[in-house]
Amino acid sequence: MAVHDDCKLKFFELKTKRNYRFIVFKIEAQQVEVEKLGGPRESYDDFTASLPPDECRYAVFDFDFTTDENVQKSKIFFIAWSPDSSKVRMKMVYASSKDRFKRELDGIQVELQATDPSEMSLDIVKARAI
């Protein structure tokens, strides 16, 4: 599975310049490509709404939060979205190439696997960040 250079470039911009709140990636013709970029002011709801209900995707989300000590922090989440309603072949392709793709994105701090929106709710993301 090839990874388009744009994927690494956009991820680097999210990580270092914070140009984006999230990036959604799609496998197209044996290659991982950027499907959608979420601007810095977009919310977690905007992010979850950009994931198709019946197709797999990879995504990264830059999550800002405040610790119990009142310190502003941020963590980059990698989310493997694989809804139950997606095709078996698609699930297999995404599952088999996930680790290789994730290695290309240096700086991921938390990984989530979700088959249903409830598995990546904001409460779960907050709990995993802290």
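This briefing describes one predicted protein model, topic by topic.

The model is predicted: local features need pLDDT of at least 70, side-chain atom pairs count only at pLDDT 80 or more, and totals for chains, interfaces and linings use all residues. Residues are numbered from 1 along each chain as its sequence is written, and side-chain values use heavy atoms, with hydrogens and water left out. For "domain: ADF-H", an unreviewed entry, the UniProt record lists residues 1-130; UniProt positions are given in the numbering used here, feature names are shortened, and annotations may be inferred rather than shown by experiment.

**Overall make-up**

- Over residues 1-130, the chain is 33% helix and 32% strand, where helices (H or I, at least four residues) and strands (E, at least two) are DSSP runs numbered from the N terminus.
- The end C-alpha atoms of residues 1-130 are 33 Å apart.

**The largest pocket**

- The volume of the largest pocket is about 160 Å³.
- A pocket is defined on a 1 Å grid over the protein atoms alone, as an open set of points where a 1.4 Å probe fits, with protein on both sides within 12 Å along at least five of seven lines.
- Grid points are joined across faces, edges and corners, and a volume is the space filled by probe spheres set on the points.
- The lining of the largest pocket consists of K26, I27, E28, A29, Q30, E55, R57, R89, M90, V93 and Y94, a lining residue being one with an atom within 4 Å of a point.
- Strand 2 (22-28) and helix 3 (88-104) are the elements that give two or more residues to this lining.
- Helix 3 gives the most to the lining of the largest pocket, with 4 residues.
- By class, the lining has 5 nonpolar, 1 polar and 5 charged residues; Ala, Val, Leu, Ile, Met, Phe, Trp, Tyr, Cys and Pro count as nonpolar, Asp, Glu, Lys and Arg as charged, and the others, Gly among them, as polar.

**Aromatic residues**

- The whole structure contains 12 aromatic pairs; rings of Phe, Tyr and Trp (its six-membered ring) pair if their centres lie within 6.5 Å, and planes under 30 degrees apart count as stacked, over 60 as edge-to-face and the rest as tilted.
- One of these pairs joins F22 and F47 and is tilted, at 5.2 Å centre to centre with 55° between the planes.
- F22 lies in strand 2 and F47 in helix 2 (residues 44-49), so the pair ties together parts that are 25 residues apart in sequence.
- F22 counts as buried at 0% relative accessibility, and F47 is buried with a relative accessible area of 0%; buried means under 20% relative accessible area, exposed over 50%, and partly exposed in between (1.4 Å probe, protein chains only).
- Y58 and F78 form another tilted pair, with ring centres 5.7 Å apart and planes at 35°.
- This pair links distant parts of the chain, with Y58 in strand 4 (residues 57-66) and F78 in strand 5 (residues 72-81), 20 residues apart.
- Y58 is buried at 1% relative accessibility, and F78 is buried with a relative accessible area of 0%.
- One aromatic cluster is formed by F22, Y44, F47, F61, F63, F65 and F77.

**Cysteines**

- The structure holds 0 disulfides, a disulfide being a pair of cysteine sulfur atoms within 2.5 Å.
- C7 is in no disulfide, and its nearest cysteine sulfur, that of C56, is 16 Å away.
- C7 is buried, with a relative accessible area of 0%, and C56 counts as buried at 0% relative accessibility.

**Residues with positive phi**

- Most residues other than glycine have a negative phi.
- R18, although not a glycine, has a positive phi of about 55°; R18 lies in the loop between helix 1 (5-16) and strand 2 and counts as partly exposed at 35% relative accessibility.
- N70, likewise not a glycine, has a positive phi of about 65°; N70 is found in the loop between strand 4 and strand 5 and is exposed, with a relative accessible area of 64%.

**Separations along the chain**

- M1 is found in the segment before strand 1 (2-3) and is partly exposed, with a relative accessible area of 32%.
- E111, in strand 6 (residues 110-114), counts as partly exposed at 23% relative accessibility.
- E111 and K36 are 75 residues apart along the chain, and their C-alpha atoms are separated by 19 Å.
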